[in-house]
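Q: Can you go through some side-chain contacts with me? I'd like to start with the aromatics.

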Amino acid sequence: MTRPLKTLVLVLALAVVGAACGDSGDEATTTTAAPATTAAPDTTAAPTTTMAPEDPISLIYVTPNPMGVNSFLILGEVGTQRAAERHGGTWKTFESVDDTTRRANIEAAIDEAPDVIVLTTFTLTEMADEYSKANPDQQFILIDSCPDEPAPNLHCGVFREHEGAYLLGVMAGHLSEAKQIGSVVALDIPFFKRWWESFWVGAQSVDPSIENSAVFIAGDNPFSDPARAKELALSLAAQGPDHIFAVGAGSNGGVFEAAVEAGFLSYGVDINQCPDAPGYIVDNNMKLVDAVVDQLIEQVLAGTAGPMVDFGLAEGGTGVMALHPDLATSECVIADHPDIVAEVERVAAGIIDGSIVVTDPLFG
């Protein structure tokens, strides 16, 4: 294993999700998620707060949707809470449900003038741009997206999701017997090509003859509609793919149910989802959202944060369980294929040192 890959494994060991519970943590915290907030009668959620003994910092986390079982949004709260508690400060979460509550929650957060307001996902890109420019004295963080010309007080953390998706494709390329793979994706927009298209490219790096299909959940709740995701996954599997990538956040459970019923293999996102359907999930394209939120908050507080920082395999912002030292207890199918794990390690090392270039579908 090369030195860069060893570094990645060490980072993942400290920051990646615990395989048994599917939550994120590092050496400073447990692996349990922050307590859920309780909805208030108005447009904001009742905050959970930790008080500081002296000179506290204050942080407010605004979600674009209810957290529910959306691990990505939950990890954003975990990172915000962790940073606040480390500084003996306070933190609040405002959960949104639509554009009206998103605006109301951001405006309520601005009124409280915290040290940092943390926002997540592309859904809030336009609002992050608008409100940061209208409130230059307020510091903002936006995770997983960034406007074209961010204001000096807006600091973006983005991921190179295509690197992890490519590694999952390598696994599928070796394991697929049908030579057909597919993806059940939240939305049919260019951003999500980083998952399903990179998954296909990774598979074709092993076997150029592998075919691919993608279907899209869409609707009012693409990130929390497991019933629709299950229906699509069963229909897709009936057409031939024996490996299906679940790219729907809270909708993924439906794909995993379909995998158990129809007998195909699947792949998860954001955290280690293998315990959700042991024997039917190969691995996961993980995004260490909590670690990135935590790091960016520290940079903002220190005055060193830039306009945009991207996190991939080299920075420990993304990963797969095949690279994790706890792979053996992960309940991921890939743990049963040490030869493929060795190949994934080799490819990951090549991506890190630049000898293997994974083109970003957004810009390639």
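Q: F191, buried or exposed?
A: F191 is buried, at 14% relative accessible area. Buried means under 20%, exposed over 50%, and partly exposed in between, with a 1.4 Å probe and protein chains only.

Q: What should I know about the model and the numbering?
A: The model is predicted, so local features need pLDDT of at least 70 and side-chain atom pairs pLDDT 80 or more, while totals for chains, interfaces and linings use all residues. Residues are numbered from 1 along each chain as its sequence is written, and side-chain values use heavy atoms, without hydrogens and water.

Q: How many aromatic pairs are there?
A: The count is 11. Rings of Phe, Tyr and Trp (its six-membered ring) pair if their centres lie within 6.5 Å; planes under 30 degrees apart are stacked, over 60 edge-to-face, the rest tilted.

Q: And F122 with F191, how do the rings sit?
A: Their centres are 5.8 Å apart and the planes are at 50 degrees, so this pair is tilted. F122 is in the loop between strand 5 (116–120) and helix 4 (125–134), and F191 in the loop between strand 8 (180–185) and helix 6 (193–206), so the contact ties together parts 69 residues apart in sequence. Helices (H or I, at least four residues) and strands (E, at least two) are DSSP runs, numbered from the N terminus.

Q: F122 itself, how accessible?
A: F122 is partly exposed, at 27% relative accessibility.

Q: What about F122 and F192?
A: That pair is edge-to-face, because the planes are at 85 degrees, with ring centres 6.1 Å apart. F192 is buried at 5%.

Q: Which residues make up the ring cluster?
A: F122, F191, F192, W195 and F223 are linked by ring pairs.

Q: Switching to charges. How many salt bridges?
A: There are 20, a salt bridge being a side-chain nitrogen of Lys or Arg within 4 Å of a carboxyl oxygen of Asp or Glu.

Q: Which residues form a salt-bridge network?
A: R82, R86, D290, D294 and E298 are linked in one. Within it, D294 and R86 meet at 2.4 Å, N to O.
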